[in-house]
Amino acid sequence: MLFAWMLIIAFLAFIACMFEDLESDIGSQSNPNSQIQLAPEMGYIHRYFNKAISGEGLSYALSCTISGTIAMLILLQLESVGPKAAILAIPVGAAVGSLVHMVRSSVCHVGREAAHKRFEQPIYLDVLYGHLLPIATHNFLAVICITAIAYIQSNLGILSGVAGASNPFPLPLLCLIWGLTVGAIGSSTGDIHYGTERAFQDKPFGEGRRVVYHGQICRYADCGVRTSKDVAAFCAKFGGPATGLAFGLIVLFENWRTVIGMTLGGVAGPGWNPSLAAAWGIGIGIVIAVVLVILARAIEKWARNKYGPFVGE
Amino acid sequence: MIEALLLVLVCIIIGGLLSSLAVHLMPVGGAPAAMSTATGIATGCVMLMTGAAVTGLFTASTVASFWVTKPNVILVALSGAVGSMLMMGFTMFVGNLIYIFGAGIVPCSGRVAVDPITKDSQTEYKTPRTDGHGVPTASFVSGILGGFSGGFGGALIYVVLVSDSYAHFSVATAGIVAMGIFIANAIIAAYNIGGTIEGFHDPKFKARIRTGLTCSLIVSVLCGVIIVIAMLTGTLAGGVM
Amino acid sequence: MGEEEVKQEEKEEKAKPKEKFKISFDYFNESRLGIFALIIGILVAIFPGLPAFIKAIGMMIVFVWGADSVRKTARYGLGTGVPSIGVLAMGFGIIGGITGIAVASMSFGTLVVGGVEIAFGVLAGVALLALLGFVSGNLANGDKFINMKIPGLERGMTELGIAGTLVVLIETSIITGTYAITSVLPNVINNGVIAVIFIISAFAMLQPLNTCLGADERRGRTLLMSIEIGGIASIILGLVTALTLSAVQGVPLIVLGAVIWVVFYRAYMKACMKEAYAVKGTGLIKTLGG
């Protein structure tokens with residue numbers, strides 16, 4: 001049972017981080033936002049959505065923590081119903097969380113574009129209204145998955161029947177933790193696909209974007225003028241799933257090594273040896289890290305051989 | 001009692017110093033890295049380090065609850081360290097996957113001509129007028145070490161605060177206070193870096209690490225003293241493990 | 001943008017006809033706002049017996065102060081983005097708040113004068129964090145240390161330390177109505193409400209500047225948003241209070257939060273729309289050189 005729940009958590013983590021990345025691409029949050037912000041100053045008036053709530057980590061921590069708090073309050077009210085109350089509590093919490101997120105992103109767009117007055121960047125109302133719903137829906141999916149992960153982890157002992165498997169942190173604190181992490185991963189991996197590739201699609205492929213290109217974002221779509229909604233469709237091909245993979249793998253291996261350690265330490269039985277369990281978990285983790293370094297080196301070597309040195313100017 | 005207080009103070013200082021060191025070891029490229037204009041992970045150090053540290057904190061809290069009383073400090077802190085290390089490792093690995101397969105970019109360092117670990121030459125792979133791109137092996141190893149040290153620091157503060165032989169705060173108090181101390185140290189260190197850094201091989205690392213650690217020492221001593229005052233009141237103790 | 005320039009701009013604003021809802025921050029320049037918010041914040045923090053909605057107003061004033069301090073320090077560019085300084089404020093705030101509550105729940109930490117509880121103990125947390133903030137500011141700005149060369153960073157970090165601590169204290173006293181640790185631990189910390197306190201207060205301080213950042217950022221507009229987030233914070237704290245403590249305290253808080261949110265959201269949106277270069281229903285972009 002423990003392993004089954006662990007796989008559910010990893011699956012939810014995959015979905016959560018994928019939607020987190022796509023949501024941040026729809027609003028051009030976090031790092032690529034610097035380009036969207038710079039573009040009007042270079043004379044590149046655009047129709048992107050400028051969602052500068054804060055770094056992704058914090059903005060996801062906000063919506064997930066609010067979701068977790070609301071879910072916790074509902075669970076407290078429905079304590080007599082038992083674990084079934086989560087079916088109501090988690091979606092309602094996530095809905096409130098994504099509502100707050102939507103409100104926060106609406107103020108961002110107008111705030112940043114109004115601050116671009118001297119560069120003649122207008123506020124396009126269709127851009128403002130048209131993006132809010134996609135932002136809210138993508139955010140809802142990410143937040144509901146994170147809240148569900150936090151709920152499962154804080155009640156794992158009851159759900160799986162293995163005493164002591166639950167995480168001791170309360171639900172909102174777990175939501176804060178996973179919200180911060182999902183945002184940090186979403187911004188550090190997913191943004192590369194958007195910032196390097198999608199925002200500069202008219203620049204040469206296969207090279208770093210030079211400083212002189214900064215601000216000269218690609219403003220036209222296949223047909224007409226590009227908005228941020230077009231970005232999500234592109235990044236859903238590679239950037240989003242890869243980001244989801246990163247978070248899914250982290251959650252999977254984090255829980256996996258702990259659970260393996262617990263099993264080897266004699267799960268909740270008379271022979272329960274906490275030091276052995278912890279030590280096994282640490283050992284497995286170090287092995288995974290070493291494998292990762294080797295894999296990273298291999299893929300770097302492959303890229304160096306395959307792509308070769310920089311050609312061109 | 002006095003021993004426990006001193007130990008908590010010392011552990012908070014060590015934790016703070018380690019988290020500051022961790023931020024200096026991170027290969028962070030900030031916003032330019034998302035445009036492949038700088039080497040490193042494409043986000044700010046504070047966000048990345050906090051994300052890594054709380055992942056470690058999560059594992060540390062699970063492992064600390066293995067023991068009914070008196071958790072083993074070193075083992076719990078190591079679990080946290082490995083948690084952060086894995087988080088950093090997967091993030092950098094998938095980041096590299098996107099650099100290589102999504103944008104066709106070879107990871108290479110912009111600050112050094114030769115990778116100090118693999119001895120690969122970097123200059124000819126670098127796009128002109130950028131500051132490097134991707135996460136090369138030296139930065140990768142540096143990031144793994146940074147994750148380890150940051151996770152160890154964060155989890156160490158957590159475990160001494162939660163352990164019933166030391167501060168004996170409640171789980172949630174210990175978690176959020178550990179986060180607070182960690183964040184204060186990480187942000188001071190991030191200001192010291194001032195933007196981007198590639199890892200231990202970056203010349204910036206050698207130039208700035210001493211200042212960073214001094215500042216972190218002062219901030220951690222103050223944080224530790226404040227927490228010890230909170231402990232001395234005796235009202236927070238007696239939390240449930 | 002220098003302080004004079006800001007004042008100049010705000011004077012120009014004053015001459016124009018105003019919206020009905022528009023709140024002006026002209027009188028409250030940075031120093032006056034700081035002193036006012038400090039006094040109000042401390043008064044609200046040491047009387048945990050006040051009704052929750054009065055404490056919520058105090059909380060919003062402290063939010064505005066925090067946002068103003070973030071604006072003051074972060075507009076010169078920090079190197080790691082605006083959000084870091086807001087999170088720093090709340091990292092300080094959590095440490096100080098918990099210490100303050102711990103001191104206040106000791107026997108000498110709280111005086112009862114004529115049936116009114118006065119929690120002097122929380123001031124210990126505030127004072128310690130003022131010291132920590134001042135030291136951090138000096139470290140960050142000192143020539144021998146990090147040398148960030150940001151004017152007023154020492155003062156800004158001190159203010160952020162105080163503001164963060166006051167916010168944590170006020171929000172805790174909103175939810176529990178007292179600083180007694182037997183009530184704070186189960187109702188605020190152990191059920192994880194501290195996490196939402198942490199993150200939403202950080203947002204009230206860091207988001208205004210981060211969102212309004214740009215060449216034509218204006219202080220009056222930026223600070224409106226801080227109060228707007230204060231409204232959202234009141235609604236959420238009101239929900240928590242209503243469900244864990246009593247509906248008598250919680251419901252007025254929710255109503256106050258909702259009213260404040262609607263008023264200030266409208267005021268902020270109107271201000272932005274009015275001050276933007278143009279507001280278009282839709283349209284194509286201006287091509288280069290055309």
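In the predicted model, the axes of helix H9 (residues 219-244) of chain C and helix H10 (residues 247-275) of chain C come within 7 Å and cross at roughly 155°. Axes are lines fitted to C-alpha atoms, for helices over the stretch in contact, with angles running from 0 to 180 degrees between N-to-C directions; helices (H or I, at least four residues) and strands (E, at least two) are DSSP runs, numbered from the N terminus. H9(C) and H10(C) are therefore roughly antiparallel to each other (angles over 145 degrees; under 35 counts as roughly parallel, 65 to 115 as roughly perpendicular and the rest as oblique). By class, the contact of H9(C) with H10(C) has 22 nonpolar, 8 polar and 2 charged residues (Ala, Val, Leu, Ile, Met, Phe, Trp, Tyr, Cys and Pro count as nonpolar, Asp, Glu, Lys and Arg as charged, and the others, Gly among them, as polar).

Between chains, 44 residues of chain A are in contact with 46 residues of chain C (C-beta atoms, placed from the backbone, within 7 Å). Elements that each supply at least two residues of the chain A side include helix H4 (86-114) and helix H5 (125-154). H3(A) gives the most to this side, with 10 residues. The residues of the side of chain A that touches chain C divide into 26 nonpolar, 10 polar and 8 charged.

E1(A) is joined by 2 bridges to strand E3 (residues 279-280) of chain C, and the two run parallel; strands pair if DSSP finds at least two bridges between them. Lys280(C) in E3(C) is the bridge partner of Tyr124(A).

Residues are numbered from 1 along each chain as its sequence is written, and chains are lettered from A and ligands numbered from 1 in the order in which they are written. In this predicted model, local features need pLDDT of at least 70 and side-chain atom pairs count only at pLDDT 80 or more, whereas totals for chains, interfaces and linings use all residues.

Definitions and conventions. Contact = placed C-beta atoms within 7 Å.
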